[in-house]
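Me: I would like to learn how to read a fold slowly, one feature at a time. Could we go through one together?

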Amino acid sequence: EQESEDDIHSSRSSLDRQSHHRANTTVHVCWYRNTSISMTDHSVAVENQLSGYLLRKFKNSNGWQKLWVVFTNFCLFFYKTHQDDYPLASLPLLGYTISSPVEADGIHKDYVFKLQFKSHVYFFRAESKYTFER
């Protein structure tokens, strides 16, 4: 079938709109962060997903925000509750390192882990040892 000029124009503008939308796809993040993943890692990631509540530390404050977090395809998706249809935010984890907080971080809570990529640092706290180990 032949496409009319209107159909082509409509398709182009829809593609143009999509190209301005920030993508969190694995390919996009790999390119942007100049990294790669193995086929084995990709296969394992597709088969595994975790979800549950985590507490996220607010920058420059002692407060913690409780969020429902889904970990899938190398990315954390944050929701206010497990019933939300759309995430509040997402954090692609390719290139991030995970560690325990150090004394200089000034965090004196149990079950806390630190995610860091260059100057981007996030602290998360689990509510139990079981959740922390997952």
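Me: Which residue in the turn of the hairpin of strand 2 and strand 3 has a positive phi?

Reply: Before answering, please note that this is a predicted model, in which local features need pLDDT of at least 70 and side-chain atom pairs count only at pLDDT 80 or more, while totals for chains, interfaces and linings use all residues. Residues are numbered from 1 along each chain as its sequence is written, and side-chain values use heavy atoms, with hydrogens and water left out. Strands here are DSSP runs (E, at least two residues), numbered from the N terminus, and two of them pair if DSSP finds at least two bridges between them. In the hairpin you ask about, 2 residues lie between strand 2 and strand 3, and asparagine 73 in the turn has a positive phi of about 50°.

Me: How many bridges join strand 2 to strand 3?

Reply: Strands of a sheet pair through backbone hydrogen bonds, either parallel or antiparallel. Strand 2 and strand 3 (residues 75–79) run antiparallel and are joined by 5 bridges, with leucine 76 in strand 3 as the bridge partner of phenylalanine 71. Strand 1 (residues 49–57) and strand 2 (residues 64–72) are also antiparallel, over 9 bridges; serine 51 has valine 70 as its bridge partner, and lysine 57 has tryptophan 64. The hairpin of strand 1 and strand 2 has 6 residues between the strands, and there asparagine 60 takes a positive phi near 50°.

Me: In what order do the strands of the sheet stand?

Reply: The 7 strands form an open sheet in the order 4-3-2-1-7-6-5, with antiparallel pairing. Strand 4 (89–92) and strand 5 (97–99) each have a single partner strand, so one side of each of these edge strands is left without a neighbour in the sheet.

Me: Which residues does histidine 82 contact, leaving aside its neighbours within four places in sequence?

Reply: Contact means heavy atoms within 4.5 Å. Histidine 82, placed in the loop between strand 3 and strand 4, is in contact with Tyr53 and Trp68 once those neighbours are left aside.

Me: Is lysine 118 buried or exposed?

Reply: Buried means under 20% relative accessible area, exposed over 50%, and partly exposed in between (1.4 Å probe, protein chains only). Lysine 118, in the loop between strand 6 and strand 7 (120–125), is exposed, with a relative accessible area of 68%, and has a positive phi of about 55° although it is not a glycine. Tyrosine 111 is partly exposed at 31%, and its positive phi is about 60°.

How values were computed:
Helices (H or I, at least four residues) and strands (E, at least two) are DSSP runs, numbered from the N terminus.
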